[in-house]
Amino acid sequence: MEARCRILWYPFGTEFPTGKHSRAELTANPPPEKRSRVLAVVNQKGGVGKTTTAVNLAASIAASERSTLLVDLDPQANATSAFDLAPVEQQVYDALIGDTPMRDLARPTELPHLRVVPSGRDLYGAEVELVSALNRERQLERALADIREEYDYVLIDCPPSLGLLTLNALSAADGVIIPLQCEYYALEGLAGLMETVELIRREINPKLALDGIVLTMVDDRNNLSRQVSDEVRRHFGDAVMDTVIPRNVRLSEAPSHGKPILLYDAQSKGARSYLSLAAELIARRETPNDRVGSTPAEDLPAPSPAIGSAGEPDRSFAPIPSPPATGPQSFGGDDE
Ligand code: ATP
Ligand code: MG
């Protein structure tokens with residue numbers, strides 16, 4: 001346990017190594033503006049909907065004809081099996097540790113604009129093996145460098161910890177997507193996650209922004225779900241995506257069929273909500289409008305654990321592609 005804590009938290013120490021170059025050098029010559037946007041889907045809490053969001057958001061972005069790459073950076077390999085790609089001979093571990101180009105690992109899917117880099121159990125070892133590597137926090141960024149410009153969006157599904165794999169994702173990313181399950185303990189740990197994002201932005205990756213908090217498994221009939229949702233919106237304002245993801249049994253069934261929800265049940269509330277989320281994300285990024293867009297991590301307030309009072313969300317539905325929604329998007333509960 002002690003060794004694991006050291007691995008988890010060491011990179012955030014004051015003696016953070018930057019390899020051959022000083023930190024000043026690394027930040028003095030920022031790379032030219034990139035076409036692609038790399039998004040890390042992060043939350044150190046387990047089971048909050050990271051993989052469901054990464055898989056279905058990636059599929060929905062691809063469905064809107066944006067070339068999309070989903071990188072499974074979780075040794076549990078849930079995103080990999082959600083596309084029926086397991087078991088695999090080569091996986092993201094080989095790009096992080098070895099010489100295998102990421103391009104050789106990207107596998108086609110049933111969606112023409114979506115490729116997936118699979119994961120597997122070997123990745124458990126990477127967290128330990130990378131500890132002694134030079135620039136260990138930048139291995140994913142290095143591995144993605146040659147390939148990222150071939151995609152409009154690169155989504156990274158992170159494991160449920162703030163360990164070295166997640167650190168690699170945050171170092172490689174332009175933005176962070178935080179799925180937040182609307183339950184009593186939702187806000188617990190969010191302050192720590194925000195601090196980590198801010199620390200990475202300050203120390204390693206100045207371009208890192210918060211692209212959106214996504215409320216997941218929302219049940220409108222549940223008071224607590226509404227109260228948590230209101231509280232998060234009060235604290236994080238525009239950083240919270242208008243679209244919310246309802247609790248929907250079709251979303252939980254789709255992975256066992258090896259398909260994203262769009263290919264499993266395109267009419268379900270789950271599919272419609274992820275299409276709407278993709279439309280909102282694309283509009284936020286691609287519409288030149290000052291109100292929308294990503295929020296610099298340092299501009300965000302710390303959340304309070306308090307839970308506020310309820311308010312009725314708007315029930316309208318925005319089809320893809322569409323301009324950014326103006327109010328919370330809800331698709332009801334599980335009663336289809
Ligand atoms: P981990 O931290 O273990 O990686 P995670 O954050 O990736 O978990 P998921 O695997 O996406 O979370 O979701 C956890 C469980 O909840 C899964 O069984 C998934 O099918 C289910 N689930 C996720 N989102 C929804 C939803 N909107 N409605 C119903 N079930 C959902
Ligand atoms: Mg997961």
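In strand β5, D157 is the bridge partner of D72. Helices (DSSP runs of H or I, at least four residues) and strands (DSSP runs of E, at least two) are numbered from the N terminus. The model is predicted: local features need pLDDT of at least 70 and side-chain atom pairs count only at pLDDT 80 or more, while totals for chains, interfaces and linings use all residues. Residues are numbered from 1 along each chain as its sequence is written, and chains are lettered from A and ligands numbered from 1 in the order in which they are written.

The bridge at D72 belongs to a pairing of strand β2 (residues 68-72) with β5, which run parallel and are joined by five bridges. Two strands are taken to pair if DSSP finds at least two bridges between them. Strand β5 (residues 153-157) also pairs with β1 in the parallel sense, again over five bridges. Along that pairing, Y153 in β5 is the bridge partner of R37, and D157 in β5 stands opposite V41.

How is β5 placed relative to the rest of the structure? Five of its five residues are buried, so β5 is largely enclosed by the rest of the structure. Here a residue is buried if 20 or more other C-beta atoms lie within 10 Å of its own, exposed if 12 or fewer, and partly exposed in between, with C-beta atoms placed from the backbone. In a regular strand the side chains alternate between the two faces of the sheet. In β5, Y153, L155 and D157 lie on one side and V154 and I156 on the other, and both faces are covered.

Strand β1 (residues 37-41) is likewise largely enclosed by the rest of the structure, because five of its five residues are buried. R37, L39 and V41 point one way from β1, whereas V38 and A40 point the other way. Strand β1 also pairs with strand β6 (residues 175-181), in the parallel sense over three bridges. In that pairing V41 stands opposite I177.

The last part concerns the ligand. Ligand 1 is surrounded by 19 residues, of which K50, T51, T52, P160 and S252 are the closest. A residue is near a molecule if its C-beta atom, placed from the backbone, lies within 6 Å of it. The elements giving two or more residues to this shell are α3 (50-63) and α12 (249-253). Helix α3 supplies the largest share, three residues. By class, the shell holds five nonpolar, 11 polar and three charged residues; Ala, Val, Leu, Ile, Met, Phe, Trp, Tyr, Cys and Pro count as nonpolar, Asp, Glu, Lys and Arg as charged, and the others, Gly among them, as polar.
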